[in-house]
Amino acid sequence: MKARIRTSARTLAATALTAALATALAACGSSGSLPAPSGSGSHPAGAPTFQQVIDGAPVAPDSAIPAGSLMAKIKARGTLNVGGTDASALFSLKDPVTGKLTGFDAGLAQMLAKYITGKPSVNLVLVTADTRETLLQNATVDSVFATYTITPARAQKVAFAGPYYSSGDAILVAKGNTSITKVADLANKTVCTESSSTAANDLKQYAPSAHVILFQTNAECEQAVEQGRADAYVLDQALLLGDQVRDPKVKVVGQPFTTEPYGIGLPLASPEMKTFVNDWLKTLESDGEWTKLWQSTIGTVLSGDAPTPPAIGSAQGS
Amino acid sequence: MTVLPAGLHETLGPLGHGLQLTLAMTAIAFTGALGLGVLLAVCRISPVPPLRALGTAYVTVFRNVPLLVLLVLFVFGLPDVGLLFSLFATVTLTMALYWAAFICEVLRAGIRTVPLGQAEAARALGLTATQSIRHIILPQALRSMVQPLANVFIAVALSTSLAAAVGVAEMTGQAQFVTLKYDQPLTSFAATTVVYVLITLTSGLIAGRIERKVAIRR
């Protein structure tokens with residue numbers, strides 16, 4: 001994602017407060033709908049569960065891990081240090097009961113850990129859009145899986161493997177709304193988005209006559225749509241789908257109207273890691289592991305077949 | 001600096017609009033808070049126990065919750081009980097309710113500055129509690145409250161920036177928009193800062209003038 005969690009220091013405390021409260025409010029408003037889509041919930045018949053996908057993930061041959069490489073260091077440590085989040089439904093969400101992370105990003109991180117060390121052992125470091133580059137540069141984390149959009153500017157500071165997933169700005173509306181199905185329908189409508197997201201800019205380009213409201217958090221935007229304060233909410237489709245999972249009063253309409261290629265952030269100082277991770281991604285894609293992971297996570301809410309993964313190296317900056 | 005930042009011209013328009021909203025919110029919220037604050041202060045000093053309890057309860061509730069939390073509560077809570085007002089109205093109302101608690105306390109402190117003998121003299125003259133508050137105590141008390149009230153006014157003006165967090169595109173909200181568009185956070189927030197400082201300095205100066213005019217030499 002471009003900037004969902006890019007929170008300026010100025011508003012950090014404010015965001016935390018509002019997030020807590022808005023979440024509480026949202027919980028009251030949507031009468032007992034539980035968050036946390038579990039891998040075993042509504043997934044299509046025949047699709048593997050999240051755990052099955054991880055269990056079936058490959059392990060790298062010893063020859064793929066040369067001595068002195070970052071991979072060898074991770075293998076010796078036995079754990080992959082991952083920068084990510086635990087609050088993004090479908091991508092990386094912590095189950096409050098078991099403490100386990102599920103989702104597309106979380107799954108990939110565990111599979112990469114297993115590929116290198118033999119077991120899906122991941123040490124999650126929570127990152128924000130402000131800290132991702134720094135944590136990679138100072139080697140706090142070996143990799144970042146955080147709906148991290150590849151951009152040429154970011155590629156100056158970190159290396160990107162992938163893209164492994166392609167998302168884009170989509171539209172979320174209240175369940176009963178039939179007047180908005182595509183970006184052109186946003187003309188003259190009230191549209192909200194997160195204040196730190198670049199979706200506000202995309203709106204200027206794609207729906208210049210829309211009246212844009214900026215809220216601090218995802219929960220607030222969702223609430224505004226539910227309450228009729230805003231006609232629509234625009235953000236990365238992947239994140240809006242997460243809202244749709246948690247809240248039965250809203251739905252995602254149409255197809256994304258921008259392209260956000262997500263990459264795996266890696267230290268620029270270890271170029272061998274980027275080659276290694278790209279090779280691993282290609283293996284996952286050709287062996288069908290990528291599709292299985294998609295089916296057990298994003299595929300549980302998105303109808304239709306798994307998409308074709310974007311070509312490795314196709315994004316500017318990857 | 002010889003070269004103007006990119007998009008300066010297009011930037012000033014939205015920021016100007018944001019400034020209008022900021023000033024309107026400040027004026028309306030402060031006026032509302034002053035009216036309600038006077039009522040609350042009268043409650044708090046009144047001889048009627050239930051009124052005193054009401055005033056105390058109000059101040060305790062509103063003064064001990066962060067304004068941002070109140071804003072989120074009102075903006076996202078009111079529609080849930082069927083009251084969907086415009087963001088501007090909701091936010092301005094919330095600020096008036098919040099700052100009324102502070103103004104009440106400023107007034108109460110000001111009333112304490114009126115010597116007790118004044119109240120006793122009023123009573124000795126046969127004035128009722130209401131009459132002595134209205135004709136003897138408040139007119140004197142208000143004069144010692146000019147600076148404290150100006151401080152609250154400045155706080156109200158600065159607190160309008162919190163409205164940006166709940167979607168009102170006042171000056172700070174517009175600065176966020178401009179930052180998103182031009183990626184020049186320093187420029188837009190520096191301009192915004194200058195305007196806030198101008199607002200607060202001006203109100204400080206005006207308060208000083210008023211104070212000199214109405215001061216009671218004792």
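Entry one. I began with Asp243(A), which forms a salt bridge with Arg246(A), the closest N and O atoms being 2.8 Å apart. I am working from a predicted model here. Is Asp243(A) buried or exposed? I found a relative accessible area of 0% for Asp243(A), so this residue is buried.

Entry two. Next I checked Asp185(A), which pairs with Lys182(A) in a salt bridge at 3.2 Å between the closest N and O atoms. Asp185(A) has a relative accessible area of 18%, and I noted it as buried because the cut-off is under 20%. Lys182(A) counts as partly exposed, at 47% relative accessibility.

I moved on to Lys75(A) and Asp62(A), whose side chains meet in a salt bridge of 2.8 Å, N to O. Which parts of chain A does this pair tie together? I placed Lys75(A) in helix H3 (residues 70-77) and Asp62(A) in the loop between helix H2 (50-55) and H3, so the bridge ties together parts that are 13 residues apart in sequence. On accessibility, I wrote down 34% for Lys75(A), which is partly exposed, and 58% for Asp62(A), which is exposed.

Last entry. How many salt bridges are there over all chains? I wrote down a count of 9.

Technical notes
Residues numbered from 1 in each chain as written. Chains lettered and ligands numbered in written order. Predicted model: local features only at pLDDT ≥ 70, side-chain atom pairs only at ≥ 80, totals over all residues. Heavy atoms only, no water. Salt bridge = Lys/Arg side-chain N within 4 Å of Asp/Glu carboxyl O. Helix = DSSP H or I, 4+ residues; strand = E, 2+ residues; numbered from the N terminus. Buried < 20%, exposed > 50% of the residue type's maximum accessible area, 1.4 Å probe, protein only.
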